[in-house]
Amino acid sequence: MADSASLRMQLCTEQFGSRAPRGCRAAADGSLQWDGARRWGWLSRAPTEKPGQDAEGGEPWAALPALSGLRAVLLPQGFPDSVSPDYLPYQLWDSVQAFASSLSGSLATQAVLQGLGVGDAKASVSAATSTWLLKDSTGMLGRIIFAWWKGSKLDCNAKQWRLFADVLNDIAMFLEIMAPMYPIFFTMTVSISNLAKCIVGVAGGATRAALTMHQARRNNMADVSAKDSSQETVVNLAGLLVSLLMLPLVSDCPSLGFGCFVLLTALHIYANYRAVRALVLETLNESRLQLVLKHFLQRGEVLEPASANQMEPLWTGFWPSLSLSLGVPLHHLVSSVSELKQLVEGHQEPYLLRWNQSHNQVQVALSQVAGPEAILRAATHGLVLGALQEDGPLPKELALLREQARAGLKKENWVLVRETHQVLDTLFPKFLKGLQAAGWKTEKHHLEVDEWRATWPLSPEKKVL
């Protein structure tokens, strides 16, 4: 039997995830008595709890067994601490867009089957088979070509490509709905549609993998991916059930079916935009780096990831004003010994940079020893040169260089490159420190970098600190 002192003393505590811990005391019969709830309080609610609140005073997820079970089935273990803060808003909007896409897909599938002759006694099985095989083979070839053409770029602009994939999917379904109206072009139309859908599969799948890496915070990428698949399955099942009710209503009225498709497409695009806009990526790609650097040059402050992600362009992010190429071959930059000396002179950074002021183009050759920080500085250097072509406030040293460049006092671009090297020796460490303080992950990046690397003789001159 326990004495009175041990009955009052807390023996141990336990905590589930980020919920409030609860203590344990010795009972009079020697057993353990847990405060506030039964031993497995996350599965059942104590009699003293209020409805909608769990035993530890936490979230309503654990208030009912059904909600607890649903959470275990559809959300990653340890949610919300095991995922990024933007996980829930993104997944909610992603579920809305998946539901709308499921209903639109049902309308498109019905149209394709009608075009193939389902329900038509005069339709030829061999003709339908040939059309189907041609459609599939076109899509397979398109999938391979697109993966080769753009596969390495999908990580850099994951949000933009994610949105692009869903818009292209809507275009593909629109073509499928219109295909039966023009029987002579039916095979060509459905082939183009399937080609677009295969591109969607590559772009959507690759960017989803990139976003899963961002969301997983406890090396739990597989769990996050598996639960995302479960959520998508539930949404598609709900879409299937609604489609079974919707299709009989619109099958005899093409205009009603097309009107439903337009409304569902509008909902799909809006939900996709909201989902992508909810993402807060802490790594820098070119567009986010340009936004953060511009704000830093104008106000001396570094934007936090949440602010920069809200400002990042989603529709026009593929076409930046400055052409910045990282990791280009050295022979693209220099063709003579004198040009090589001009680019090497005055700095010891592990990159060489050439600026074509008339075309607003920056090419950067990287050294074999260039790491993430050096690549980030090279990209920053290129964007600083691009800022000299634009209006707006700049630090004193850069403003002077901009005036000289516009006045034509320094016609040689390599001279401006060398002087911006000296400015960055002072400016970049402050910028890098500000990035880290604001919450950006500078040990990695999503800048587009080619595989070329080079070596060259270092300048004997030391950097100006």
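Colleague: Which residues of helix 8 are buried?

Modeller: This is a predicted model, in which local features need pLDDT of at least 70, side-chain atom pairs count only at pLDDT 80 or more, and totals for chains, interfaces and linings use all residues. Residues are numbered from 1 along each chain as its sequence is written, and side-chain values use heavy atoms, leaving out hydrogens and water. Helices (H or I, at least four residues) and strands (E, at least two) are DSSP runs numbered from the N terminus, and buried means under 20% relative accessible area, exposed over 50% and partly exposed in between, with a 1.4 Å probe and protein chains only. For helix 8 the buried residues are Gly257, Phe261, Leu264, Thr265, His268, Ala271, Asn272, Ala275, Val276, Arg277 and Ala278.

Colleague: Which helices are included in what covers the buried residues of helix 8?

Modeller: Cover is judged by contact, meaning heavy atoms within 4.5 Å. The elements covering the buried residues of helix 8 include helix 3 (87-116), helix 5 (158-178), helix 7 (221-250) and helix 10 (305-311).

Colleague: How far apart are the end C-alpha atoms of helix 8?

Modeller: The expected span of a helix is 1.5 Å times one less than its number of residues. Helix 8 (residues 254-278) has 25 residues and should therefore span 36 Å. The model agrees, since the end C-alpha atoms of helix 8 are separated by 36 Å.

Colleague: What percentage of the residues of the protein chain count as buried?

Modeller: The protein chain contains 14 helices and six strands. Among its contacts between residues at least 6 apart in sequence, 69% join residues at least 24 apart. Of its 465 residues, the buried share is 45%.

Colleague: Which residues are in contact with valine 292, leaving aside its neighbours within four places in sequence?

Modeller: In soluble globular proteins, nonpolar side chains tend to be buried together. Valine 292 is one of the residues touching the most other members of the largest core. Its contacts beyond four places in sequence are Leu284, Val302, Leu303, Ala308, Phe431, Leu435 and Trp440.

Colleague: Is alanine 387 buried or exposed?

Modeller: Alanine 387 is found in helix 12, and 14 of the 16 residues of that helix are buried. Not counting residues up to four places away in sequence, alanine 387 touches Leu297, Leu394 and Arg402. Because its relative accessible area is 14%, alanine 387 is classed as buried.

Colleague: Which residues does glutamine 91 contact, leaving aside its neighbours within four places in sequence?

Modeller: Glutamine 91 lies in helix 3. At 4% relative accessible area, glutamine 91 is buried. Beyond four places in sequence, its contacts are Arg208, Gln215, Asp228 and Gln231.

Colleague: How many residues apart in sequence are the parts tied together by arginine 162 and aspartate 94?

Modeller: A salt bridge is a side-chain nitrogen of Lys or Arg within 4 Å of a carboxyl oxygen of Asp or Glu, and the structure holds 14 of them. The side chains of arginine 162 and aspartate 94 form one at 3.6 Å, N to O, and both residues are buried. Arginine 162 lies in helix 5 and aspartate 94 in helix 3, so the separation in sequence of the parts they tie together is 68 residues.

Colleague: How far apart are the closest N and O atoms of arginine 217 and glutamate 282?

Modeller: Arginine 217 is partly exposed at 30% relative accessibility, whereas glutamate 282 is buried at 14%. Their salt bridge has its closest N and O atoms separated by 3.0 Å.

Colleague: Where does methionine 188 lie?

Modeller: Methionine 188 is partly exposed, at 49% relative accessibility. Together with Met181, Tyr182, Ile184, Phe185 and Ile192, Met188 makes a nonpolar surface patch of about 670 Å². Patches are made of residues with over 30% relative accessible area and no salt bridge, like charges being joined within 9 Å and nonpolar side chains (Val, Leu, Ile, Met, Phe, Trp, Tyr) within 5 Å, and accessible areas come from the Shrake-Rupley method with a 1.4 Å probe, only the protein chains shown counting as cover for residues. The element that holds methionine 188 is helix 6 (residues 186-215).

Terms used: Core = buried A, V, L, I, M, F, W, Y, C linked by side-chain atoms within 4.5 Å.
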